[in-house]
Amino acid sequence: MSTIADLRLPAADTALATAFERAPGATFELESSVSKTLPSLWVAGVDRETAGAAFAADPSVEVAELLVETDSRLLYDVTFADGAGTNRLWDDLLADGGSLLEARAADGWWQVTVRYRDRDTLCDAYDHLIERGINADLRRVTDVTDTSDHQTRLTPEQQEALEAALEYGYFEIPRGISMEDLAEELGISHQALSERFRRAYETLVDAELQPAGKKSRLE
């Protein structure tokens, strides 16, 4: 049984405190793709000049290279000093074997989601944060007891469609790909893809809202 934890951590204790002082309206989000150049951070809410100046002013940042610029976001490949920035944050969070699922920062706070092997591992990681002087706020804990039923309720076609949508950025803002182009990548019609999404969304929403121990209304 694994445990998923949502934590709130102050940037002042963890990463990019000075960057937030220089760009208080910025949001930072860890790029989810796997890359040898991690960490890469999406920046939104500020322009290119403000983001660049904020990174330059932060003593934990050695290099911040702009990789991608869209109408609403900037993607930076960031190199932090040893033991500083998100390097330290991930070391503290994952020292006891956690897996980072999501990390986003705004208004001077990091919101992170981490999966641990069990609650004991989570408690060890939390104690480690406190010992390091990090004012960690544990917001939510979810025990994942058995996800097999949830996983198998999607048909292979629905799962393929959702995985492709994530891969090509269909759910991003702005979208990384249109539904028409995504359907073409999958070799199906726009209407068929729309129907797969509709049925997949219904299945996932039903699973999420169904009270524990009750049968799905779709069964």
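# Notebook: rings, cores and charges

**Entry 1, starting point.** I began with Y201, which counts as partly exposed at 35% relative accessibility; on this scale buried means under 20% relative accessible area, exposed means over 50%, and partly exposed lies in between, with a 1.4 Å probe and protein chains only. I noted that this is a predicted model, in which local features need pLDDT of at least 70 and side-chain atom pairs count only at pLDDT 80 or more, while totals for chains, interfaces and linings use all residues. Residues are numbered from 1 along each chain as its sequence is written, and side-chain values use heavy atoms, with hydrogens and water left out.

How many aromatic pairs does a search of the whole structure find? I noted five, where rings of Phe, Tyr and Trp (its six-membered ring) pair if their centres lie within 6.5 Å, and planes under 30 degrees apart count as stacked, over 60 as edge-to-face and the rest as tilted. F20 is buried at 7% relative accessible area, and F28 is buried at 2%. F197 and Y201, by contrast, form a stacked pair, with 5.7 Å from centre to centre and 10 degrees between the planes. Both of these residues lie in helix α8 (residues 190–209), four residues apart, which is about one turn of the helix; helices (H or I, at least four residues) and strands (E, at least two) are DSSP runs, numbered from the N terminus. F197 counts as buried, at 2% relative accessibility. I also wrote down one aromatic cluster, formed by F20, F28, F55 and Y76.

I looked for a charge over a ring, meaning NZ of Lys or CZ of Arg within 6 Å of the ring centre and within 35 degrees of the ring normal. The charged end of R8 sits over the ring of W109, 3.7 Å from its centre, and that of R73 sits over the ring of W42, 3.9 Å from the centre.

A nonpolar core is a set of buried Ala, Val, Leu, Ile, Met, Phe, Trp, Tyr and Cys residues joined through side-chain atoms within 4.5 Å. Which members of the largest core, with its 36 residues, touch the most other members? I listed L9, L16, F28, L93, W110 and V112. Leaving out residues up to four places away in sequence, L93 touches L7, L9, V112, V114, Y116, A125 and L129, where contact means heavy atoms within 4.5 Å. Another core, of 14 residues, lies apart from the largest one and includes A183, L186, L193 and F197.

The structure holds eight salt bridges, each a side-chain nitrogen of Lys or Arg within 4 Å of a carboxyl oxygen of Asp or Glu. D6 and R140 form one of them, at 2.9 Å from N to O. Because D6 lies in strand β1 (residues 2–10) and R140 in strand β8 (residues 137–144), this pair ties together parts that are 134 residues apart in sequence. D6 counts as buried at 17% relative accessibility, whereas R140 is exposed at 52%. In helix α8, where R198 and E195 are three residues apart, the closest N and O atoms of their salt bridge are 3.0 Å apart. E195 also meets R199 in a salt bridge of 2.8 Å, N to O. Through shared partners, salt bridges join E195, R198, R199 and E202 into one network.
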